[in-house]
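Look over the sequence and the model before reading on.

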Amino acid sequence: MQATLLQEIQEWMEAYTTVLYRRTLRDMERLMVVFGLLDRKLDRKIRDLEDTRISMDCLRDIRIQEVEFEMAIELVEEAIGIMMKFHVPLTEEDVERVDAVRITWHRLQQRSLDHHCHLVAIQPSFRQELLDNLTQFRVDCTQFCADYEVDGPMIQGLTPREASDRLLLFQNRFDALWRRLTSYEGGAELFGLL
């Protein structure tokens, strides 16, 4: 009876450690993929407000998920520790991957801090560019409205074909203005101008 019970305990331990091993490898792989994606976003050169917005979104994502990442890394480290304690056969590569996850996370945190400092340094020039663009945008919107009133599709005496053509032209201009507005709103929110 005792031998059977010990055998069953051993089988349960092997089944548990097999599941734990697979889950730990999956979690490590997921963390490395997420860290790689965030790292690539931080590699992006900052040339305009859109690049700045993307960088700020990436920094916000890192900050929001920081505790989750720390907890996931600790769980992976604990799982490997449990497997080592109970002499589960691990490859040296598995143990090195656990260390690599922690090192990659610290490297990503440092890169995000450096990137944040860079954004703070370049903020004044982008803020001024945004203010200049907003001034020009107001002029362009006023001009669009004036052009629409004078040359729009609602002018009396136009044929349906001419009205349709003018509508398409003004729709394209409006869409371009709308994209600019969306971009400028993001920049204004970024610099606290709203």
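## Model and terms

Helix axes here are lines fitted to C-alpha atoms over the stretch in contact, and angles run from 0 to 180 degrees between N-to-C directions. Angles over 145 degrees count as roughly antiparallel. The model is predicted.

## Packing of α1 and α2

Start with α1 and α2. Their axes come within 10 Å. They cross at roughly 155°. The cut-off for roughly antiparallel is over 145 degrees, and α1 and α2 are therefore roughly antiparallel to each other. The crossing of α1 and α2 is left-handed.

What classes of residue make up the contact of α1 with α2? The contact has 19 nonpolar residues. Another 3 are polar and 5 are charged.

## Packing of α2 and α3

Next come α2 and α3. The angle between them is about 160°, and their axes are 9 Å apart. That makes α2 roughly antiparallel to α3. The crossing in which α2 passes α3 is left-handed.

Sorted by class, the contact of α2 with α3 holds 15 nonpolar residues. It also holds 6 polar and 5 charged residues.

## Packing of α3 and α4

How far apart are the axes of α3 and α4? They are 11 Å apart, and the two helices pack at an angle of about 160°. α3 and α4 are therefore roughly antiparallel to each other. Where α3 passes α4, the crossing is left-handed.

## Aromatic pairs

The structure holds 9 aromatic pairs. One of them is F35 with W105. Their ring centres are 5.3 Å apart, and their planes lie at 25°. Planes under 30 degrees apart count as stacked, so the pair of F35 and W105 is stacked.

Which helices hold the two residues? F35 lies in α1 and W105 in α3. The pair therefore ties together parts that are 70 residues apart in sequence.

## The cavity

Now the empty space. Rolling a probe the size of a water molecule over the atoms shows where such space is left. How many cavities of 30 Å³ or more are there? The count comes to 1. The largest cavity has about 30 Å³ of space.

Its lining consists of R23, T24, D27, L75, V76 and A79. Two elements give two or more residues to this lining: α1 (2-43) and α2 (49-85). By class, the lining of the largest cavity has 3 nonpolar residues, 1 polar residue and 2 charged residues.

## The largest pocket

The largest pocket holds about 350 Å³ of space. Its lining has 15 residues. Which of them lie nearest the centre of the pocket? They are M56, D57, L59, R60 and R63.

The largest share comes from α2, with 8 residues. By class, the lining of the largest pocket divides into 5 nonpolar, 4 polar and 6 charged residues.

## Drawing it together

How values were computed
Residues numbered from 1 in each chain as written. Predicted model: local features only at pLDDT ≥ 70, side-chain atom pairs only at ≥ 80, totals over all residues. Heavy atoms only, no water. 1 Å grid on protein atoms, 1.4 Å probe; cavity = no way out; pocket = protein on both sides within 12 Å on 5 of 7 lines; lining within 4 Å. Points joined across faces, edges and corners; volume = space filled by probe spheres on them. Helix = DSSP H or I, 4+ residues; strand = E, 2+ residues; numbered from the N terminus. Nonpolar A, V, L, I, M, F, W, Y, C, P; charged D, E, K, R; others polar. Parallel < 35°, antiparallel > 145°, perpendicular 65-115°, else oblique. Left-handed = near helix turned anticlockwise from the far one by under 90°. Phe/Tyr/Trp six-rings, centres within 6.5 Å; stacked < 30°, edge-to-face > 60°.
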